[in-house]
Amino acid sequence: MTVRQNIREAGLWVVKVGSALLTGNGRSLDHDAIGRWCDQIATLREGGRRVILVSSGAVAEGCRRLGLASRPESVHELQAAAAAGQMGLVEAYEGALRRSGLGTAMVLLTHDDFADRGRYLNARTTLRTLLDFDVVPVINENDSVATEEIKLGDNDMLSAMVASALAADVLVLLTDQDGLLERDPRVDPGAPLVSDASADDPRLDGYAGGGGVLGRGGMVTKLAAARLAARSGTHTVIANGNLDDVLLMIARGSDIGTVLAAHVEPLASRKRWIAGQLIAKGEIALDAGAVEAVRNRGVSVLAVGAVRATGTFRRGDMVRVTDAEGAEVAKGLVNYSGDEIRLLLGAASSEIESRLGYVDEPELIHRDNLAVL
């Protein structure tokens, strides 16, 4: 069975709609387009599929409501625009989904909701409960309170984190492009479309481009989102949201857009949470032998294989694990602080007590708290 055929059987969808689509490139919310997408979601629901909608557009709509000629640069003005624009999004989706016979609920999230294990579990349970109540959750980043340090950075990544948390079957990223092209369409209008590929195909990095004025994410963030979702076994479709019945075409397995397939076994729930963290407190670099052991033999991160530790972090914080050149290998929750690990570099587990004066754990990161990427 092909990936597109698998998507035809997908039971849980996460659909993200970008700012350019929602706001007519900044003019105002496109209520007709929102109505069309909501009608399609209603049809998907009638076919037994459950749908979570991740929506951009609050800042752009807020700029219109506040009379701003362009997107502001200061955090406080962005937050004010998001707060004003969120009202427009709520009204638009509530009205369109109600006309389609569906209930809805607005859920605003920040990175902290994913970084804190308890809040992550609460958010996941809330979304599952809303689906059980037969409503369509509409999710947006809580830009009105998020500061630059805790922003998810783009709703592409937010949608991928939601898909990962719920182990969704498919993530649909609707954009104003036909999908991922092999070359920048602004330079080469005839650039061929990438129809199907593995999400982790390294050739895709050369195809991805930059973002637009209103949307903060171009194909770079969409590719990163697809790779994050793939770690939970979620396939991603990047498609043009302006196409008639685009969601229904995807559901039928039509050959549109770009399908980025997940070709890995889904991670366990706790490891999905670890892999989904975007903000690391530090970094531990390993020698080649330790990298091989972590990647291929499923072992813990031990001090004997550690060659470098950077950053200020404490026991329990999430850090990146890399090879000696800095390429990411894994993410994990550390058993020791950054200062302590720097004292333990290259040490055998039996030497921990002599170097620190005590032993908490024999590993820097236990394999149960390690998500290999």
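Biologist: How many aromatic pairs does a search of the whole structure find?
Modeller: First, a word on the source: this is a predicted model, where local features need pLDDT of at least 70, side-chain atom pairs count only at pLDDT 80 or more, and totals for chains, interfaces and linings use all residues. Residues are numbered from 1 along each chain as its sequence is written, and side-chain values use heavy atoms, with hydrogens and water left out. Rings of Phe, Tyr and Trp (its six-membered ring) pair if their centres lie within 6.5 Å. On that basis, the number of aromatic pairs is three.

Biologist: Is the pair of Tyr336 and Tyr358 stacked, edge-to-face or tilted?
Modeller: Planes under 30 degrees apart count as stacked, over 60 as edge-to-face and the rest as tilted. Here the ring centres of Tyr336 and Tyr358 are 6.5 Å apart and the planes meet at 45 degrees, so the pair is tilted.

Biologist: Is Tyr336 buried or exposed?
Modeller: Buried means under 20% relative accessible area, exposed over 50% and partly exposed in between (1.4 Å probe, protein chains only). Tyr336 has 0% relative accessibility, so it counts as buried.

Biologist: Are α7 and α8 roughly parallel or roughly perpendicular to each other?
Modeller: Helix α7 (residues 117–132) and helix α8 (residues 155–166) pack at about 80 degrees, with axes 10 Å apart. Angles of 65 to 115 degrees count as roughly perpendicular, under 35 as roughly parallel, over 145 as roughly antiparallel and the rest as oblique. The two helices, α7 and α8, are therefore roughly perpendicular.

Note on methods. Axes fitted to C-alpha atoms, helices over the stretch in contact; angles between N-to-C directions. Helix = DSSP H or I, 4+ residues; strand = E, 2+ residues; numbered from the N terminus.
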